[in-house]
Amino acid sequence: MAIERTFSIIKPDATRRNLTGKINAVFEEAGLRVVAQKRIQMTTAQAESFYGVHSARGFFRDLVNFMTSGPVVVQVLEGENAVARNRELMGATDPSKADAGTIRALFAENIEANSVHGSDSPENAAIEIAYFFAGLEIVG
Ligand code: ADP
Ligand code: MG
């Protein structure tokens with residue numbers, strides 16, 4: 001299995017509740033390594049662009065408001081099969097449907113404030129990583 005990189009966000013509901021370390025412990029215990037990381041306050045323009053694929057959805061404006069409501073931690077995770085592995089560790093979008101032990105089952109507040117983002121494909125991982133990080137900021 002190839003070593004891969006994926007993009008991860010610890011969302012405002014989780015930073016507000018001081019869960020950054022607990023969430024990253026799940027990734028590290030599963031063998032994913034944090035190879036880039038920064039805490040930022042997302043702007044409305046950044047959140048609208050990042051979630052642009054969802055711009056026609058009814059929840060889009062609420063989602064942008066939520067993602068800009070407090071600090072987030074943007075990060076790059078590296079490891080075997082990192083894109084799919086991260087999605088497994090995150091659990092389903094709706095925490096009431098997430099498998100026991102997943103990050104969203106453990107920590108998410110609801111379908112919107114669901115604690116983490118993770119890229120859904122290697123192609124999107126590359127786009128999302130490049131949106132937030134310069135190459136030299138990623139140290140594997
Ligand atoms: P995922 O984050 O699991 O890849 P999506 O890409 O479908 O899920 O949605 C992006 C984000 O939009 C979700 O993580 C969540 O914060 C929010 N979201 C998705 N569906 C809904 C919904 N039905 N109501 C409110 N917010 C939603
Ligand atoms: Mg998604």
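A nonpolar core is a set of buried Ala, Val, Leu, Ile, Met, Phe, Trp, Tyr and Cys residues joined through side-chain atoms within 4.5 Å; buried means under 20% relative accessible area with a 1.4 Å probe, protein chains only. The model is predicted: local features need pLDDT of at least 70, side-chain atom pairs count only at pLDDT 80 or more, and totals for chains, interfaces and linings use all residues. Side-chain values use heavy atoms, without hydrogens and water.

**View 1. The largest nonpolar core holds 22 residues.** F7, I9, M42, M67, V74, F132 and F133 touch the most other members. Elements giving two or more residues are β1 (3–10), β2 (33–40), α3 (44–50), α4 (60–67), β3 (72–80) and α7 (122–132). Helices (H or I, at least four residues) and strands (E, at least two) are DSSP runs, numbered from the N terminus. The top contributor is α4, with 5 residues.

**View 2. A second core is separate and has 15 residues.** Its members include F27, A82, M90 and I103.

**View 3. V74 and its contacts (heavy atoms within 4.5 Å).** Neighbours within four places in sequence are left aside. V74 then contacts F7, S8, I9, A36, Q37, K38, I40, F132 and F133.

**View 4. Ligand 1 and the residues around it (a heavy atom within 4 Å).** These are K11, Y51, H54, F59, L63, R87, T93, R104, I111, E112 and N114.

Key
Residues numbered from 1 in each chain as written. Chains lettered and ligands numbered in written order. Buried < 20%, exposed > 50% of the residue type's maximum accessible area, 1.4 Å probe, protein only.
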